[in-house]
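I opened the notebook to go through this structure element by element. Entries follow in the order I looked things up.

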Amino acid sequence: MAIETGSMGRYRAIMTDTDREHITGESKPEQHQQDQAVYRVRKRIREELPKDIEVLREERPDVLEELQEVVCEERV
């Protein structure tokens with residue numbers, strides 16, 4: 001989910017627009033491009049997200065709770 005930030009541009013969660021286009025096949029990527037997008041996303045999940053979670057746990061548990069609700073929400 002991107003959040004509009006006015007003149008600053010857009011923020012992303014763990015996928016860039018290009019990652020999304022490659023993973024969904026929307027951009028008609030070659031297999032190696034799709035694989036690279038998946039690799040980048042997995043790397044962010046393993047390496048960056050835990051750091052962010054720790055900061056939120058220590059400084060803003062309320063925001064961490066929001067993150068948990070979004071990530072753990074059952075989608076039907």
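I checked the length of helix α2 against its residue count. It runs over residues 31–59, and its 29 residues should span 42 Å at 1.5 Å a residue; the end C-alpha atoms are 41 Å apart, so the two agree. The model is a predicted one.

I then looked for a bend in α2. The helix bends by about 40° at glutamate 48, and proline 50 follows within four residues.

Next I asked which residues of α2 are buried. I found Ala37, Val41, Arg44 and Leu56. Their cover includes α1 (17–24) and α3 (61–72).

An arginine in that list made me look again. Arginine 44 has 16% relative accessibility and therefore counts as buried, the cut-off being under 20%. I listed what it touches, leaving out residues up to four places away in sequence: Arg12, Ile14, Met15, Thr16, Asp19 and Leu49. With aspartate 19, the side chain of arginine 44 makes a polar contact at 2.7 Å.

I followed aspartate 19 from there. Its relative accessible area is 0%, so aspartate 19 is buried. Its side chain also meets that of arginine 40 in a salt bridge, 2.7 Å from N to O. This pair joins distant parts of the chain, with aspartate 19 in helix α1 and arginine 40 in helix α2, 21 residues apart. Arginine 40 is partly exposed, at 30%. I noted that Asp19, Arg40 and Arg44 form a network of salt bridges.

How many salt bridges does the whole structure hold? The search gave six. I looked up two others by residue. Aspartate 17 pairs with arginine 20, their closest N and O atoms 3.5 Å apart. These two are three residues apart in helix α1, which means about one helical turn lies between them. Aspartate 17 is partly exposed at 39%, as is arginine 20 at 27%. Aspartate 62 and arginine 60 meet through their side chains at 2.6 Å, N to O; aspartate 62 is partly exposed with 36%, and arginine 60 with 43%.

I turned to the loop between α1 and α2, where lysine 28 lies. Its phi is near 55°, a positive value in a residue other than glycine. Lysine 28 is exposed, with a relative accessible area of 73%.

Last, I checked confidence. The mean pLDDT of the protein is 88, and 84% of the residues score at least 70. Among the elements, α2 has the highest mean (97) and strand β1, residues 3–4, the lowest (46). Residues 1–5 fall below 50, yet this stretch has 12 contacts in the model beyond near neighbours in sequence. Where pLDDT is low, predicted coordinates should not be read in detail.

Conventions: Residues numbered from 1 in each chain as written. Predicted model: local features only at pLDDT ≥ 70, side-chain atom pairs only at ≥ 80, totals over all residues. Heavy atoms only, no water. Expected span 1.5 Å × (residues − 1). Bend = angle between axes of the 7 residues up to and from the residue. Buried < 20%, exposed > 50% of the residue type's maximum accessible area, 1.4 Å probe, protein only. Contact = heavy atoms within 4.5 Å. Polar contact = N/O pair within 3.5 Å; in protein donor to acceptor, adjacent residues only side chain to side chain. pLDDT = per-residue confidence, 0-100. Salt bridge = Lys/Arg side-chain N within 4 Å of Asp/Glu carboxyl O.
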